[in-house]
Amino acid sequence: MLTCVVASRLVSALSSGLGGNRRGREFVGTIVLILLIMAGPIVTGTLALTSTADVRDRIPRIADVLGWTPIGAVWAVPADVAAGQGVSAVARLLIAAATLAALWLLWARALRGAVTTPRQRAAKVARSGALGLFGRMPTGGVGATWERSLTAWLRDPRYLRQLLIVPLFPLLFAFTSGIDGFMFSSSAVLVALVLCLSGYTDVSYDGTAFASVLATFIRGRDDRLGRLLGAASIGIPLIVLLAVVTTAVGGRLEHLPGILGASLGLVLGGYGVSAVSSALLVTPVAAPGDSPFKSVPGQTFLTGLLVFVVMGACLVIGAPAIAFAVAGFITGAAVWGWVALVVGIVVGGGAAALGVWLGGRTLDRTGPDLLQRIKAFPTT
């Protein structure tokens with residue numbers, strides 16, 4: 001009981017201490033989001049364990065292991081005393097006492113930091129001449145937009161949370177169907193389906209800072225291409241890496257070309273669709289430091305449905321590559337996988353190029369109107 005009380009006080013102190021700054025709130029929100037996503041597989045795995053025929057043999061072994069951890073050590077002490085195992089009881093008691101002492105010290109330190117650390121810290125002074133990615137990327141409208149988009153993908157938690165699905169999808173399927181299952185090896189396709197929507201809220205995430213884009217007179221085509229390159233610099237390498245790892249671990253390397261074709265067809269087509277849709281639509285989105293569970297003012301049921309319309313367009317563009325990949329899975333003929341790879345790159349790449357051109361022309365016309373709609377969004 002003491003351990004639970006001190007642990008709860010520690011979490012409370014950490015929340016208030018970390019919540020005093022934006023990075024702390026983002027970190028706490030991301031950790032909670034990961035735990036919620038993984039709660040399903042954990043429950044599923046537990047239910048699968050308890051439904052096995054040898055559950056009576058497994059439960060004692062699990063209890064014995066937990067009895068040597070900080071979670072269950074104190075509960076195992078009475079059983080050891082009753083069984084006359086004095087050495088084991090003392091060892092478990094020491095584990096429980098050390099856990100309580102460690103939590104107490106961490107609580108004291110977190111509480112001290114929460115009450116003494118100011119909520120607003122001094123502004124960070126940048127080193128003279130340090131331009132970050134701006135000093136390494138190409139110049140001009142495309143290069144500047146590419147750098148800004150890439151920085152957002154590397155630092156903005158709203159983009160980083162989209163990347164959580166890259167490791168979590170294969171983990172989910174590994175829990176539910178095993179690493180030799182079809183869904184585990186095909187994780188890259190589902191990741192691509194989510195990442196293909198990554199540019200849908202680009203302008204919305206800019207907020208009123210979108211005015212700086214209009215003020216610099218960057219051409220719409222350059223803006224669309226720069227944002228696409230920023231998303232592709234992160235998304236495509238991750239998808240390729242995930243496809244290679246999951247098919248190798250799952251023993252399905254013969255299906256790698258088909259999985260890559262379907263994945264690349266989806267994500268490239270999605271970049272093209274997003275290049276057009278984000279030049280036409282803006283929706284209320286969370287502020288950079290907001291919790292992922294906070295309701296966003298101004299969001300409606302209709303704006304929530306728009307994302308499914310965009311997803312439907314992405315699926316239509318990715319359908320040819322997906323169809324050839326499925327044909328390869330069903331027939332076992334390797335040639336269909338390679339056809340899917342070629343079709344995915346060609347069709348997806350063509351859709352991306354068309355989206356940059358059409359989205360650029362659209363943005364040149366709709367840019368000021370998008371800014372007005374962003375300014376009209378409720379903020380409280």
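This is a predicted model: local features need pLDDT of at least 70, side-chain atom pairs count only at pLDDT 80 or more; totals for chains, interfaces and linings use all residues.

Asp-222 counts as buried, because its relative accessibility is 14%, and buried here requires a value under 20%. Asp-222 belongs to helix α13. Which residues does Asp-222 touch, if we leave out those up to four places away in sequence? They are Gly-141, Val-142 and Thr-145.

Gly-141 also brings us to Arg-219. The C-alpha atoms of Arg-219 and Gly-141 are 7.3 Å apart in space, although 78 residues apart in sequence. Arg-219 sits in the loop that runs between α12, residues 210–215, and α13, residues 220–249. Is Arg-219 buried or partly exposed? Its relative accessibility is 45%, so Arg-219 counts as partly exposed.

Let me now step back to the whole protein. The protein has 16 helices and zero strands. It comprises 380 residues, and 39% of them count as buried. If we take the contacts with a separation of 6 or more, 77% are between residues 24 or more positions apart. The accessible surface amounts to about 20,700 Å², and carbon and sulfur atoms account for 72% of that area.

The largest nonpolar core contains 45 residues, and Val-191, Leu-195, Ile-239, Val-267 and Tyr-271 have the most contacts inside it. Which helices each supply at least two residues of this core? They are α6 (140–155), α8 (165–177), α10 (187–195), α13, α14 (256–277), α15 (301–331) and α16 (334–375). The greatest share comes from α14, which gives 10 residues to this core. Another core, of nine residues, lies apart from it, and includes Val-203, Ala-279, Val-282 and Leu-370.

To return to Val-267, one of the residues with the most contacts inside the largest core: its contacts, with neighbours within four places in sequence set aside, are Ala-192, Leu-195, Cys-196, Ile-236 and Ile-239.

Ile-179, Leu-241, Val-245 and Val-249 together make a nonpolar surface patch of about 340 Å². Val-249 is part of helix α13, the helix that also holds Asp-222. With a relative accessibility of 46%, Val-249 counts as partly exposed, whereas Asp-222, at 14%, counts as buried.

That concludes my presentation. Thank you for your attention.

Key:
Residues are numbered from 1 along each chain as its sequence is written. Side-chain values use heavy atoms; hydrogens and water are left out. Helices (H or I, at least four residues) and strands (E, at least two) are DSSP runs, numbered from the N terminus. Buried means under 20% relative accessible area, exposed over 50%, partly exposed in between (1.4 Å probe, protein chains only). Contact means heavy atoms within 4.5 Å. A nonpolar core is a set of buried Ala, Val, Leu, Ile, Met, Phe, Trp, Tyr and Cys residues joined through side-chain atoms within 4.5 Å. Patches are made of residues with over 30% relative accessible area and no salt bridge: like charges are joined within 9 Å, nonpolar side chains (Val, Leu, Ile, Met, Phe, Trp, Tyr) within 5 Å. Accessible areas come from the Shrake-Rupley method with a 1.4 Å probe; for residues, only the protein chains shown count as cover. A salt bridge is a side-chain nitrogen of Lys or Arg within 4 Å of a carboxyl oxygen of Asp or Glu.
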